[in-house]
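The briefing below goes through one protein model, topic by topic, with attention to helix packing and charged side-chain pairs. Please read it alongside the sequence and the coordinates.

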Amino acid sequence: MGKRPPITNRVRSLREKHGQMSQAALGEAVGVTRHTIIAIELGRYSPSLETSFRIARLFNVGLEDVFGWEGD
């Protein structure tokens, strides 16, 4: 199993704050699959910049309010 990307995120907590939005509903809203949302939330996948912006805009927050960097 490979090393996780150094990107952290608050996607799950933002979903929960927005009326318990499902992973499937978020995926549909930003144009990815539910499985992609699961992988993002678990830190197994770093979304594209476009998808990252779509998620942030959907929740009406800044990009850095959703994603963080733990890299060197």
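A residue is called buried when its relative accessible area is under 20%, and exposed when that area is over 50%, with partly exposed in between. The model is predicted, and every value below should be read with that in mind. According to UniProt, in an unreviewed entry, the feature "domain: HTH cro/C1-type" covers residues 11-66. The span of residues 11-66 is 66% helix and 0% strand, and its end C-alpha atoms lie 6 Å apart.

- Helix H4 comprises residues 49-58, and its buried residues are Thr 51, Ser 52, Ile 55 and Ala 56.
- Viewed down the axis of H4, these buried residues fall within an arc of 135°, so they line one face of the helix.
- An α-helix has 3.6 residues a turn, so residues three or four places apart point the same way.
- On the face of H4 turned away from the buried side are the exposed residues Leu 49 and Arg 57.
- The packing partners of the buried H4 residues are helix H1 (11-17), H2, helix H3 (34-41), helix H5 (63-66) and strand S2 (67-69).
- After H4 comes Asn 60, which has a positive phi, near 60°.

- Val 30 belongs to helix H2, which covers residues 23-30, and Val 30 is buried because its relative accessible area, 3%, is under the 20% cut-off.
- Apart from neighbours within four places in sequence, the contacts of Val 30 are Ile 37, Thr 51, Arg 54, Ile 55 and Leu 58.
- The C-alpha atom of Val 30 is 24 Å from that of Glu 70, a residue 40 positions away along the chain.
- The axes of H2 and H3 come within 8 Å of each other and cross at roughly 105°, which means that H2 is roughly perpendicular to H3.
- On the H2 side this contact is made by Gln 23, Ala 24, Leu 26, Gly 27 and Val 30, while H3 contributes Arg 34, Ile 37, Ile 38 and Glu 41.

**Salt bridges**

- How many salt bridges does a search of the whole structure find? The search finds three, and they are taken in turn below.
- Arg 12 and Glu 16 form a salt bridge through their side chains, with an N to O distance of 3.2 Å; the two are four residues apart in helix H1, so about one helical turn separates them, and Glu 16 is partly exposed at a relative accessible area of 35%.
- A salt bridge also joins Glu 41 and Arg 15, whose closest N and O atoms are 2.5 Å apart; since Glu 41 lies in helix H3 and Arg 15 in helix H1, the pair ties together parts that are 26 residues apart in sequence.
- Both partners of that pair count as buried, because Glu 41 has a relative accessible area of 16% and Arg 15 has one of 8%, with the limit set at 20%.
- In H4, the side chains of Glu 50 and Arg 54 meet in a salt bridge at 2.5 Å, N to O, and because they are four residues apart in helix H4, about one helical turn lies between them.
- Glu 50 is partly exposed, with a relative accessible area of 49%, and Arg 54 is likewise partly exposed, at 40% relative accessibility.

Definitions and conventions: Residues are numbered from 1 along each chain as its sequence is written. This is a predicted model: local features need pLDDT of at least 70, side-chain atom pairs count only at pLDDT 80 or more; totals for chains, interfaces and linings use all residues. Side-chain values use heavy atoms; hydrogens and water are left out. Buried means under 20% relative accessible area, exposed over 50%, partly exposed in between (1.4 Å probe, protein chains only). Contact means heavy atoms within 4.5 Å. The arc is that of the directions from the helix axis to the C-beta atoms. UniProt positions are given in the numbering used here, feature names are shortened, and annotations may be inferred rather than shown by experiment. A salt bridge is a side-chain nitrogen of Lys or Arg within 4 Å of a carboxyl oxygen of Asp or Glu. Axes are lines fitted to C-alpha atoms, for helices over the stretch in contact, and angles run from 0 to 180 degrees between N-to-C directions. Angles under 35 degrees count as roughly parallel, over 145 as roughly antiparallel, 65 to 115 as roughly perpendicular and the rest as oblique.
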